[in-house]
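Here is a short briefing on one strand and its partners, and on one residue elsewhere in the chain. Please view the model alongside the text.

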Amino acid sequence: MAPTLRIGVDVGGTNTDACLIDPSATALPNRGILSWHKSVTTSNPSHGIENVINALLKQANVGSSSVASITIGTTHFINAVIEKDRSRLAPVAVLRLSGPFSRSIPPGIDWPADLRELVCAHVAFLDGGLEIDGSVIREPNEAQVKEECIRIRSLGIRSIVVNGIFSPADVLGELQEEKVGQWIKKYYPEADIVLSKEVANLGFIERENAAMLNASILTFARHTISSFQSAIYHNLGLSCPVCLTQNDGTILKAEDAARLPIRTFNSGPTNSMCGAAFLVKDNMEKESMLVVDIGGTTTDVGMLLASGLPRQASAFTEIAGVRLNFTCPDVKSIGLGGGSVVRIQGDSLGQPTLSIGPDSVGHLISKHALVFGGDVPTTTDYAIVSQEDSPTSIGIKQLAEDRLIQVVEGKGYDVPELLKVYQATAKHKLEEIIDRMKTSAEDVPVLLVGGGAMLIWSPENDGEVTLKGASRVITPEYAGVANAIGAAMARVSGMVDTVLSTEGRTTQAVLQEVSKTAIERAVAAGAIRDTVEIAEMDAIPIPYVANKCRIIVKAIGDFDFSHVNTSFGSSFEIEISSVSEYSQKKVSPTSNSPTSTFDVASYIPTVVPTPGRSNTRSSSSESSNYEWHLSEIDLEWISIGCYILGTGGGGTPYPHFVRLREMMHNGATVRIVEPGWVDDEDIIACGGAKGSPTVSLEKPPGNEMMEAQDIVYKYLGVKPDAVIALEIGGGNGLQGLILGASTNMNIPTIDGDWMGRAYPVAWQITPVVWEGERALFLPTAISDGNGNHMVILLFDATCLSKNLTFNSEQLMLSATSERQIERAFRAALSEMGSHVGCAKGPCSGKDMKTWVIEHTISLSWRIGRSIALCRARNDIDHVAEAIIEQVGGEKAAKVLFKGKIVEVERKTVKGHSYGEVVISAADVSGNGNGFTGVCGTAVEFKGRLKIPFKNENILAIAMSDSADEKVVASVPDLICVCDALTGEAIGTPEYRYGLLVFVLGIQGSERWTSSMRGIEIGGPRAFGMDIDYTPLGKFEKPRSVIEEYMHASRTY
């Protein structure tokens, strides 16, 4: 008789849980669970696995021949990274297939310094890479690969990552990573090769980070999995296949897990969610549900989709300080567990106020909790005392009761009242996290698992738990080992994340085509074809790229255990000593964060006199003779402020921040000066980026920004005296600093810009407001960084008499307006990789001072500094008010709304992202002051706020409960949506249900609002909104950092 039983094992930091399941008997009351066991995790996890499996077989009285599979979940591999264990991490070489791109952003650029030094051993920039439309940037070069293999071997490095631009979309075409992988095998056969496209999806830097961590633990992973197999096959005498659970709730064959161990990093919470789903699947409809796993220190909450798989994190994740984009469950944790410390914070009118956690007695609960004779009140104590008629085997209930009687003596309330407040406080914490994790405003089923479900027992309902936001609360039998059950019953997946053309066919037809590929990948991973179904499907239009969609499809099916090779060969039996000596070198634990080692409040920026400048210039203020030398701290704060001033658009400044920080690490200096520093006859340059954010995500910059500038000033035969950013909002807010750096143009950057915010198109600038519909900045050039340029000139063919030479084709045109220039460049974008650097032609110092919105870099710095101060003071609840103080106070800005995002709609029209976000009033701080909101908690605002956007936020419309609408802010005033938990900006691409936010309204610059033309170009009607502009407040000119600190002494 063929074996049918499944074993699931979950190796945790404290306990190792296991269960034995008969999948043919899951309809029975015991869910087919023949036995389960929980024991303390051993120092060698293989011994613990052996022990729990022995216990399972003994309890169920079955032989080893009846076992069809063993599936293991473990935190072993992620712990090696978190602990930065040099005995388990090997050095890695990276071969980038990127052509001329990404050289300014080396691997590990944003890693913690100690981990970077340990892992990031070598990088080479080779020919290769694709554009977003699949066209080739450069063909891979075998001779380059051979040369690098020789060099890598000489360094003693065995782990190699191959990472190509847009490689995840290279599924049917060039297959560049695979080709290079074959060449490496040819010239360095003993090397361990990791292809980035097999590890993660679109997102060049984050995918490379994941691939590097995966490569670094390969040897350790093979050793660990080999030891698992040895314990199971040799010691226990089993012959079934061994698999590991991965981050998305499905399984990997052991040989695949040994090749891609990073896919197991976050499998623990996933196992619990999948186990909970299994325990209730026949008693509930096929619907999404929240799984609440209450442990000893924290409560983990995740959304289980109707497919039976956990909802995945929608953006980036972070492990050990490293940004990653591999799939992992979207799980949030709060400090509520069995060992959480309970404190009486105060008494108000005879009513106690309690706090729970986040600190916990953890695994020392048997020593410190009241029920064990300790002196620390914990949630376990309160829960046990609350359960008057429920027997418990945990400690001695009377010890806790006696202590609580002492606590309430003379307080004006008794123990039952104290317990009632405890229950309300614990439930409120759960209700808050449940509301944040929901995917709609509707109530959802909640499954309680883990040993801490007793913490919210309700005596008034005979123990039945009710929670706001939950349609029903279920604690299934065997909930204590849900993690092991999830491992035992895990399924198999196949996923595709690619960019495809929709030209000449419907999006649905493209989805069906990709679905077939996903199904084949699931079958190749071991699924039974007849059981495979599509679990997830999404099509995301690519801004600025015609007829292109990012397609994401996942298929899942049951694992075919009958066709798995159960042998494990000598290739797995690799001793841990094989880790190279290179990784044994000493590293000092340091941090990349410049704000981690200084006092934010006492920091003073470096402002110095400009050498050779006269202090007696009558035409300008004294501060115009000084310059601000940027530090990493300044750069971090400016980046934060730029994204807030981007009003949802402009793209995240993060990649530009890490690039400029790396330039500064390598010796670049960045100088900022006031507009008055410039003489009237000086030449002022301007630049910025154009294109799709998706391209920015996958194709790190080359030298396109400087190439465009070089084209303009080579044609003119002059050198500019300073540079100004096109817009301060978003990523372009840092481009002026990058261009002006000493290693680029080596000129100062003006403290100002042409927008004071971000706008969708480059003609929505103050010079066009002041000078009318004509071409102002000619010549203007764009470059794609790969040798292709486009130049628009003022003159006709006579311009060709200039002595110009270029290495590639160029297009020369005349133009009549800034609007026409923008149209021409947008039309060329798709033929130039959908992302270019743009150099606008120069203007005079006199014109710049007429047009500029002054001190916007200073304003960004002040906004970022205010957020840093709130964090340093643990006062993030008041960050909105702190920002308002920096942008001019209550006359210039206000909090428009606070609440939770409950609706998001998006569409792409002519390259721009249009949409609408709706925010419902909610308590974003947990203080409980004000009106009742979506969770039944107290809030400051009522109703909803609706924000239409076109790349940037256009209007803020307050909606009352009776559906009345009122516009409370509009462009050109700034409408900024910020994360209530961090204070930082949330861009329109990042809007999603459940985010807690506050919305700021900031009065726009008088450069926009003082004339009808400014309102016409930058106001509501410029976006098709038929409403009149009403100023939000009174504009307050930002104070210059140079002016404030030019006489300050730097003492920190």
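Buried means under 20% relative accessible area, exposed over 50%, and partly exposed in between (1.4 Å probe, protein chains only). This is a predicted model, where local features need pLDDT of at least 70, side-chain atom pairs count only at pLDDT 80 or more, and totals for chains, interfaces and linings use all residues. Residues are numbered from 1 along each chain as its sequence is written, and side-chain values use heavy atoms, with hydrogens and water left out.

**Glu 881**
- Glu 881 counts as partly exposed because its relative accessibility is 33%.
- Glu 881 sits in helix 25 (residues 879–886); helices (H or I, at least four residues) and strands (E, at least two) are DSSP runs, numbered from the N terminus.
- Beyond neighbours within four places in sequence, Glu 881 contacts Val 895 and Lys 898; contact means heavy atoms within 4.5 Å.
- Ser 866 is 15 residues from Glu 881 in sequence, and their C-alpha atoms are 9.4 Å apart.

**Strand 28: burial**
- Five of the five residues of strand 28 (residues 749–753) are buried, so the rest of the structure largely encloses this strand.

**Strand 28: pairing**
- Strands pair if DSSP finds at least two bridges between them.
- Strand 25 (residues 671–673) pairs with strand 28 in the parallel sense, over two bridges. Val 673 stands opposite Ile 750.
- Strand 27 (residues 722–725) runs parallel to strand 28, joined by two bridges. Ala 725 stands opposite Asp 753.
- Strand 33 (residues 853–854) runs antiparallel to strand 28, again with two bridges. Gly 752 stands opposite Glu 854.
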